[in-house]
Amino acid sequence: MSTAGLIANSIKTKLENALKTKHLEVINESYMHNVPQGAETHFKVVVVSDKFDGLALIKRHRLVNDILKEELQHGVHALSIVAKTPQQWEESDKVIESSPNCRGGFGK
Amino acid sequence: MNSIIRRSFYPLYNNTFKLTRRLLADATINEKIDKIVKENKVVVFMKGVPDAPRCGFSNAVVQIMRMHAVPYESHDVLADENLRQGIKDYSNWPTIPQVFINGEFVGGCDIMLQMHQSGELVEELKKVGIKSALLTAEESKKEENK
């Protein structure tokens, strides 16, 4: 992860600490969008945690949004979330589809 | 003396005025959104318009709605900066698009996609009296196989 940016690292640390994640991927998808190279504006996170147990999807997303509140207020402008419990993750095919392509809504 | 008074009170007066104006604007946009989501069964706040979405996530939601043939009202947040921030505050959700069904915030692109895949969306639409086109298609298929 040495090439990961500052914001990607901060997202990773915050989610790890707050959710005691069993599996975590922080994917910078900014290159797919109309932003400068090396930008950290569009992310996808794959979060697997026991803390999601019994929580509806929207509550899981709210939890993640809340943990990353600061990042979302300062610079991060798209955050796609995959939130699963360890059991759901084991049962899934573990393939994460990439987010839809940008249509230039940003900066154009 | 007059100028001292002006100097010491004017900024206070001016700031209060600005703050009040901002709070009023917030209240107005909140009321406006409240009205929009309560008067329509399905509302999508998105970037661009359904025929020309200006963001991939918004486009995904439009495609899902199209598949289910859902009648909905859409609002372009790029056309109104007040709405763009207002909707985030209203639903306490940081990103666009946002989907409301029966006045309730349901989710953004990820959640809609998962609800579509799990069949939950068909159920939610049924609750508000909208029959998904996917359900209609499924039924006519069954009818043919009989």
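This note goes through the chain contact, the aromatic pairs and the salt bridges of a predicted model.

1. Basis. The model is predicted, so local features need pLDDT of at least 70 and side-chain atom pairs count only at pLDDT 80 or more, while totals for chains, interfaces and linings use all residues. Residues are numbered from 1 along each chain as its sequence is written, chains are lettered from A and ligands numbered from 1 in the order in which they are written, and side-chain values use heavy atoms, with hydrogens and water left out.

2. Extent of the interface. Chain A brings 20 residues and chain B 21 residues to the contact, where contact means heavy atoms within 4.5 Å. About 1700 Å² is buried between the two chains, and carbon and sulfur atoms give 57% of that area. Buried area here is the accessible area (1.4 Å probe) that two parts lose on being put together, summed over both. Of the area that chain B buries against chain A, 31% comes from Arg54(B), Phe57(B) and Asp110(B), more than from any other three residues.

3. Polar and charged terms across the interface. The rule finds zero salt bridges between chain B and chain A; a salt bridge is a side-chain nitrogen of Lys or Arg within 4 Å of a carboxyl oxygen of Asp or Glu. Four residue pairs, with both residues at pLDDT 80 or more, are in polar contact between the chains. A polar contact is a pair of N or O atoms within 3.5 Å; within protein, one must be able to donate a hydrogen and the other to accept it, and residues adjacent in sequence count only if both atoms are side-chain atoms.

4. Make-up of the chain B side. The elements of chain B that give two or more residues to the side touching chain A are α2 (56–67), α3 (81–91), β6 (104–107) and α4 (109–118). Helices (H or I, at least four residues) and strands (E, at least two) are DSSP runs, numbered from the N terminus. The most comes from α2(B), with four residues. By class, this side has ten nonpolar, seven polar and four charged residues. Ala, Val, Leu, Ile, Met, Phe, Trp, Tyr, Cys and Pro count as nonpolar, Asp, Glu, Lys and Arg as charged, and the others, Gly among them, as polar.

5. Asn65(A) is found in helix α2 (residues 57–67) of chain A and is buried, with a relative accessible area of 8%. Buried means under 20% relative accessible area, exposed over 50%, and partly exposed in between (1.4 Å probe, protein chains only). Leaving aside neighbours within four places in sequence, Asn65(A) is in contact with Leu72(A), Leu79(A), Ile81(A), Trp93(B) and Pro94(B).

6. Aromatic pairs. The count over all chains is four. Rings of Phe, Tyr and Trp (its six-membered ring) pair if their centres lie within 6.5 Å; planes under 30 degrees apart count as stacked, over 60 as edge-to-face and the rest as tilted. Tyr90(B) and Phe100(B) form a tilted pair, with ring centres 5.9 Å apart and planes at 50°. Tyr90(B) is in helix α3 and Phe100(B) in strand β5 (residues 98–101) of chain B, ten residues apart. Tyr90(B) is partly exposed at 23%, whereas Phe100(B) is buried at 1%.

7. The ring centres of Trp93(B) and Phe105(B) are 5.0 Å apart, with planes at 55°. Trp93(B) lies in the loop between α3 and β5 of chain B, and Phe105(B) in strand β6, twelve residues apart. Trp93(B) is buried at 4% relative accessible area, and Phe105(B) is buried at 12%.

8. Salt bridges in chain A. Over all chains, twelve salt bridges are found. Lys12(A) and Glu16(A) form one of them, with the closest N and O atoms 3.4 Å apart; both lie in helix α1 (residues 6–19) of chain A, four residues apart, about one turn of the helix. Lys22(A) and Asp50(A) form a salt bridge with the closest N and O atoms 2.4 Å apart. Lys22(A) is in the loop between α1 and β1 (23–28) and Asp50(A) in the loop between β2 (42–48) and α2, so the pair ties together parts of chain A that are 28 residues apart in sequence. Lys22(A) is exposed at 53%, and Asp50(A) partly exposed at 41%. Lys14(A), Glu70(A) and Glu71(A) are linked in a network of salt bridges.

9. A salt bridge in chain B. Lys32(B) and Asp80(B) meet at 3.8 Å, N to O. The pair links helix α1 (residues 2–39) of chain B to the loop between β4 (73–76) and α3, 48 residues apart. Lys32(B) is partly exposed at 44%, as is Asp80(B) at 24%.
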